[in-house]
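Good morning, colleagues. Please have the sequence and the structure open while I speak; I shall go through several local features in turn.

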Amino acid sequence: MPSTTALQAPSAGAPFEVAQVPVRDLRDDDILIDIAFAGICHSDIHQVREEWGKAIFPMTPGHEIAGTVSAVGAGVTKHKVGDRVGVGCMVDSCGECEYCKDGEEQYCTKGAVMTYNGTGYDGEETKGGYSQQVAVSERFVCRIPDGIELDEAAPLLCAGITTWAPLQRWGVGPGSKVAVVGLGGLGHMGVKFAAALGADVTVLSRTDAKKDDSVALGASAHIATSDPAALKGLRSSFDVILNTVSADLDADMYIKLLKPLGVFVNVGLPPSAWSIRPGSVISGSRVVAGSNIGGIQATQDMLDFCAEKGIGATIETISADQVDDAYEKVVAGDVRYRYVIDTSTITA
Ligand code: NAP
Ligand code: ZN
């Protein structure tokens, strides 16, 4: 089997090392991508550190992939050599169930195959984007419009679609009052999208450190959640609260900030549980919802919207030898707002 140069974690929480990892021989519907940039999502950290349970090692993470098509299988029609493309969190699904037919491949009844830390329908372990190449079925490869640089496009493939999908589902637009909790990789995209959709956006962040950034990203207000009095003053204020926090959360406190019939939609995925008082959702008939990434057509729609509006992720580009350090910084909330690995620096 051919191989490529990649970063891999040999075991849970161990530092990354450079290794040769397999890239499968191209199937009829496969696209070989020369990866240019890979974003670092907090989900990568949760998985490398086994915070979501047992994982598959050695692991090459990365589900925010942007690059160029370097070869195509005999039956490929969607993309050609030289096209600028991206891959997100999924690389396969059954294609036949009601959810796949509906463009919601993430709910595939057979189980969507995750880009890494997963097992393909062929039994092979999947390897992600901290790598120079990957082979992916054309059904899971999106076109990156010319208007978006590849480095700023990479995080759109997870942080972008994961915040875009719930804003669409819950009807955010002009007149909506939206709060985004946690200004990190997902949160900063949530602010950009909600503002571009015409909503009035408030950022709820732990401190005031990111206040100027919130405004620059399109928010009208930035509130430090470390000040309980400030939060009390926001009771019954928002139609939609998008929670992106990667750690323990007093969800009950945030639910009280919803207007009647408002929706608290959660995308943050720490292992810890919440405690919610029944009265907090019953008063105002409030909704507590979740949202899991987004389908492939929705991902393409989001990329096209970004090109039309001139939106990309706000990034800090790093080299392969900085990834371990970047993980520490992400956990500390010290990233503005997504680390992106220049994969040309992954060398033996
Ligand atoms: P991130 O860049 O680390 O951002 C998380 C933000 O949460 C931080 O910037 C920080 O914002 C806030 N935060 C961090 N630690 C906190 C703490 N102890 N208490 C309160 N707030 C804290 O992470 P991300 O890549 O955006 O991912 C966020 C979460 O979404 C992760 O759990 C990830 O696994 C999950 N995720 C879910 C999906 C999905 O499909 N639902 C997809 C991708 C990722 P402030 O500094 O502003 O407070
Ligand atoms: Zn992600």
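Pro 58 sits in the loop that runs between helix 1 and strand 4. The model is a predicted one, and in it the peptide bond leading from Phe 57 into Pro 58 is cis, with omega near -5 degrees. A cis peptide bond is also found between Arg 336 and Tyr 337, where omega is about -10 degrees. Tyr 337 belongs to the loop between helix 11, residues 323–331, and strand 17, residues 338–342. As background, most peptide bonds are trans, and most residues other than glycine have a negative phi.

Glu 50 is a non-glycine residue with a positive phi, near 55 degrees. Glu 50 is placed in the loop between helix 1 and strand 4, and with a relative accessibility of 29% it counts as partly exposed. Ser 285, likewise not a glycine, has a positive phi of about 45 degrees. Ser 285 is located in the loop between helix 9, residues 278–282, and strand 15, residues 287–290. Its relative accessibility is 47%, so Ser 285 is classed as partly exposed.

I turn now to the metal. Which residues coordinate the zinc ion, ligand 2? They are Cys 41 through SG, His 63 through NE2 and Cys 158 through SG, at 2.0 to 2.2 Å. The spacing of these donor residues in sequence is C-x21-H-x94-C. His 63 and Cys 158 link distant parts of the chain, being 95 residues apart. His 63 lies in the loop between helix 1 and strand 4, residues 65–72, while Cys 158 lies in the loop between helix 3, residues 150–153, and helix 4, residues 159–169. Is His 63 buried or exposed? Its relative accessible area is 7%, under the 20% cut-off, so His 63 is buried. Cys 158 is buried as well, at 4%.

Helix 4 also holds Thr 163, which is buried with a relative accessible area of 0%. A polar atom of the Thr 163 side chain lies 2.8 Å from the backbone oxygen of Ala 159. That side chain also reaches the backbone oxygen of Gly 160, at 3.1 Å.

Strand 10, residues 177–181, contains Ala 179, and this residue is buried at 0% relative accessibility.

Finally, ligand 1. How many residues surround ligand 1? There are 27, and the closest are His 42, Leu 186, Ser 205, Lys 210 and Arg 338. By class, the shell comprises 11 nonpolar, 13 polar and 3 charged residues. Helix 1, residues 42–48, and helix 5, residues 185–196, each supply at least two residues of this shell; helix 1 gives the most, with 3 residues.

Several contacts can be picked out. A polar side-chain atom of Ser 205 is 2.5 Å from an oxygen atom of ligand 1. A backbone N or O atom of Leu 183 lies 2.8 Å from an oxygen atom of the ligand, and for Leu 186 a backbone N or O atom is likewise 2.8 Å from a ligand oxygen. Of the 930 Å² of accessible area that ligand 1 has on its own, the protein covers 90%.

Conventions:
Residues numbered from 1 in each chain as written. Chains lettered and ligands numbered in written order. Predicted model: local features only at pLDDT ≥ 70, side-chain atom pairs only at ≥ 80, totals over all residues. Heavy atoms only, no water. Near = heavy atom within 4 Å. Polar contact = N/O pair within 3.5 Å; in protein donor to acceptor, adjacent residues only side chain to side chain. Areas by Shrake-Rupley, 256 points an atom, 1.4 Å probe, with all protein chains shown as cover. Helix = DSSP H or I, 4+ residues; strand = E, 2+ residues; numbered from the N terminus. Nonpolar A, V, L, I, M, F, W, Y, C, P; charged D, E, K, R; others polar. Donors = N, O, S within 2.8 Å, 3.2 Å for Na, K, Ca; no water. Buried < 20%, exposed > 50% of the residue type's maximum accessible area, 1.4 Å probe, protein only.
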